[in-house]
Amino acid sequence: MKYQIMGEPMPVVVCELEPGEKMITESGSMAWMSPNMQMETSGGGIGKALGRMFSGERLFQNIYTAVGGRGKIAFASSFPGAIRAVEITPDRPIIAQKTSFLAATQGVQLSVHFQKKMGSGFFGGEGFIMQKISGTGLAFLEIDGSAMEYNLASGEQLIVDTGYLAMADMSVGIDVQTVKGVKNIMFGGEGLFHTVVTGPGRVTLQTMPMSQFIGMIAARIPTKNN
């Protein structure tokens, strides 16, 4: 399978498949394709379907197969930003934010990932329920805004505002830290908690989370006086 990512800040990944090659995606992610691409909708079993639902994805996935010759299929981002191609191997799965999965080659598996520390879920926003992407193959992930990538050494930490963590290696620890100081909490404008990521492993951050963007737009919409 060959691919090309183009068109930022509204990117699309165009994939060229050999006969018989397959790709999986969430329903609604396909933008265009050649006539010989055959689609099949699958839930992968009730357990897997419910796991995807809890991680922010849809219950069913579409499987596209190139039939009778080479096929072409394109998957477009749903929000201004970037698309990243990530090589998934059995010894290097990743965790990613909810709704980030765009498409993948056959052999890549999606499941729900719960952080071991409960504080990540109740206070970190994006920390508790995330996606685990495992198996073998190539996965394409959506990044909101631009992508900033770091390779953290063992014990090295970054403090990240909620929603800015896009994906990380499974070896990276994710926890929540309370903002220190009453004045900082009340007047700092950064909320009560930060997400703390600890190496070793790769971390990808995003510069404009969709939730932040929606909040900015909502704050500027005039309200009618009753």
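Q4 stands opposite V14 in β2. Five bridges join β1, residues 2-6, to β2, residues 12-17, and the two run antiparallel. A strand here is a DSSP run of E of at least two residues, numbered from the N terminus, and two strands pair if DSSP finds at least two bridges between them.

This is a predicted model, in which local features need pLDDT of at least 70 and side-chain atom pairs count only at pLDDT 80 or more, while totals for chains, interfaces and linings use all residues. Residues are numbered from 1 along each chain as its sequence is written, and side-chain values use heavy atoms, with hydrogens and water left out.

Back to the sheet. Strand β2 also pairs with β7, antiparallel, over six bridges. There, L17 has G71 of β7 as its bridge partner. Strand β7 pairs with β4 as well, again antiparallel, over three bridges, and M30 has F75 of β7 as its bridge partner. Put together, that is an open sheet of four strands in the order β1-β2-β7-β4, with antiparallel pairing. Its edge strands are β1 and β4, each of which pairs on one side only. On average, neighbouring strands of this sheet are turned by 20° against each other, direction ignored; the axes are lines fitted to C-alpha atoms, and angles in general run from 0 to 180 degrees between N-to-C directions.

Next, the aromatic residues. How many aromatic pairs does a search of the whole structure find? It finds two. Rings of Phe, Tyr and Trp (its six-membered ring) pair if their centres lie within 6.5 Å; planes under 30 degrees apart count as stacked, over 60 as edge-to-face and the rest as tilted. Y3 and F140 have ring centres 5.1 Å apart and planes at 75°, so this pair is edge-to-face. Y3 sits in β1 and F140 in β13, residues 137-144, so the pair ties together parts that are 137 residues apart in sequence. Y3 is partly exposed at 38% relative accessible area, whereas F140 is buried at 0%. Buried means under 20%, exposed over 50%, and partly exposed in between, with a 1.4 Å probe and protein chains only.

The rings of Y64 and F75 have centres 6.4 Å apart and planes at 65°, so they are edge-to-face too. Y64 is in β6, residues 61-66, and F75 is in β7, residues 71-76, eleven residues apart. Y64 is buried at 3% and F75 at 0%.

Now S34, in the loop between β4 (30-33) and β5 (37-42). Is S34 buried or exposed? At 17% relative accessibility, S34 counts as buried. Leaving out residues up to four places away in sequence, S34 touches G71 and K72, where contact means heavy atoms within 4.5 Å.

Last, the cores. A nonpolar core is a set of buried Ala, Val, Leu, Ile, Met, Phe, Trp, Tyr and Cys residues joined through side-chain atoms within 4.5 Å. The largest has 17 residues, and I94, I133, L141 and M167 touch the most other members. A second, separate core of 14 residues includes V13, M37, A66 and I83.
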